[in-house]
Amino acid sequence: MASRQPFTDTDTADEAVRATCDDATTCKRFATSKSYWKDPYIQYFARSVGERKAPEINRGYYARVQGVNRLLDAFIRKAECDCQVINLGAGLDTTFWRLKDENLMPRKFFEVDFPTVVSRKIHNIKTKPPLSKPLIETHSTDALLLDAHSLDSDRYCIIGADLRDISSLDEKLKKFQLNPELPTLLLSECVLVYMTPSQSSNIVHWAAETFHTAMFINYEQVNMSDRFGQVMIENLLRRQCTLSGVEACQSLDSQKERFLKTGWEHADALDMMTVYSMLPQDDVARIESLEFLDERELLQQLLQHYSICWATKDRLNLGLSQLGF
């Protein structure tokens, strides 16, 4: 009989990271229920609206979603949809369905996450027609390629893989028709921070080596060496979530440096307070009227400790270095 493998600290840490996927989904579900933004698909991944979230959390998620979408959509428009998107550590994200509704679909949309997360997402897609129908509508044959840890169609593919194992990741993506010649947008949201600096450098370097025309959008913590940052780290540690990559989150410069050192031509970074102030102000006024915010200062502190960093390389001269806020 096969012996059972001992449960290691790494397993515990990975499990804690997987749990952050549910946190993000329930926070997005609550914020959309309050009309911060529209997402008709999130309900199929989070059973209920759940307990009330503080207004500063809702505004933080609003800034995150709007900020990331703004860069992502700008890239797809620059490439005139003749591109591919790879969402690394995608969790239960609904971007593929939004892009289809908005006629902004790339040639192919890839998602990668832990196999257990991917299995859950595949189950949701299979059992919820509003999720499966768009996949079938954009697929040319009768059958989707499906197993426990992957689902592949003409325009959407989800793969179970460990992002720390680059050679396996590369092999799996290429097996599902990843095209290194196409302009490619890579996206990671609160993913690299859970890897060691060398592991995240490896993935960023792999992307720069693999694609000649690409953009990498990374959303995660910043300014983590001050007292507020330390409290964030302690709170996550209590949940067994270690921010192994916090070293790259010391400043906007350290965020950019990770890309500039690994083969990217151009990098920019902004904290989320700055991004929030650069979003369309009529919509910001609309969402600020949804709930009373008692602690404006807390919102400011929170947003100053998250950032969007984006890096580009542009052999096809699409003008990617001009993309921003």
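This note goes through the sheet, the cores and some single residues of a predicted model.

1. The sheet. Nine strands form an open sheet, and their order across it is S3-S4-S5-S2-S1-S6-S7-S9-S8. The pairing is mixed. From one strand to the next, the twist averages 15°.

2. The edges. Strand S3 (145-147) and strand S8 (266-271) are the edge strands. Each has a single partner strand, so one side of each has no neighbour in the sheet.

3. A parallel pair. Strand S1 (residues 84-88) and strand S2 (residues 108-113) run parallel and are joined by five bridges. As one point to find in the structure, Val85 has Phe109 in S2 as its bridge partner.

4. Antiparallel pairs. S9 takes part in two pairings of this kind. With S7, S9 pairs in the antiparallel sense over nine bridges, and Thr213 stands opposite Asp314 in S9. S8 and S9 also run antiparallel, joined by six bridges. Here the bridge partner of Asp268 is Trp310 in S9.

5. Is S9 buried or exposed? Nine of the nine residues of S9 are buried, so this strand is largely enclosed by the rest of the structure. Buried here means under 20% relative accessible area. Tyr306, Ile308, Trp310, Thr312 and Asp314 point one way from the strand, while Ser307, Cys309, Ala311 and Lys313 point the other way.

6. H2 lies across S1, strand S6 (184-189), strand S7 (213-221) and strand S9 (306-314). Relative to S7, H2 runs at about 175°.

7. In soluble globular proteins, nonpolar side chains tend to be buried together. The largest nonpolar core in this model has 68 residues, and the members that touch the most others are Trp97, Tyr156, Ile217 and Tyr276. Helix H2 (residues 55-78) gives the most to this core, nine residues. Another core, of 31 residues, lies apart from the largest one, and Phe110, Val112, Leu192 and Cys309 are among its members.

8. What surrounds Trp97? Leaving aside neighbours within four places in sequence, Trp97 is in contact with Tyr41, Phe45, Lys121, Ile125, Pro130, Leu131, Pro134, Leu135 and Tyr156. One of these contacts, Tyr156, is also listed with Trp97 among the core members that touch the most others.

9. The annotated positions. An unreviewed UniProt entry places the feature "binding site" at Arg64, Gly89, Asp162, Leu163 and Glu189. These positions span 126 residues in sequence, and their farthest two C-alpha atoms are 24.4 Å apart, so they do not all gather at one spot. Of these residues, Glu189 is included in the lining of the second largest pocket.

10. Asp162, one of the annotated positions, is found in the loop between strand S5 (156-160) and helix H6 (166-175). With a relative accessible area of 30%, Asp162 is partly exposed. Tyr194 lies in the loop between S6 and helix H7 (197-210). Its relative accessibility is 13%, so Tyr194 counts as buried.

11. A distance to check. Tyr194 and Ser289 are 95 residues apart along the chain. Their C-alpha atoms are separated by 35 Å.

Terms used:
Residues numbered from 1 in each chain as written. Predicted model: local features only at pLDDT ≥ 70, side-chain atom pairs only at ≥ 80, totals over all residues. Heavy atoms only, no water. Core = buried A, V, L, I, M, F, W, Y, C linked by side-chain atoms within 4.5 Å. Buried < 20%, exposed > 50% of the residue type's maximum accessible area, 1.4 Å probe, protein only. Helix = DSSP H or I, 4+ residues; strand = E, 2+ residues; numbered from the N terminus. Contact = heavy atoms within 4.5 Å. Pairing = 2+ DSSP bridges. Axes fitted to C-alpha atoms, helices over the stretch in contact; angles between N-to-C directions. UniProt positions renumbered as here; feature names shortened; annotations may be inferred. 1 Å grid on protein atoms, 1.4 Å probe; cavity = no way out; pocket = protein on both sides within 12 Å on 5 of 7 lines; lining within 4 Å.
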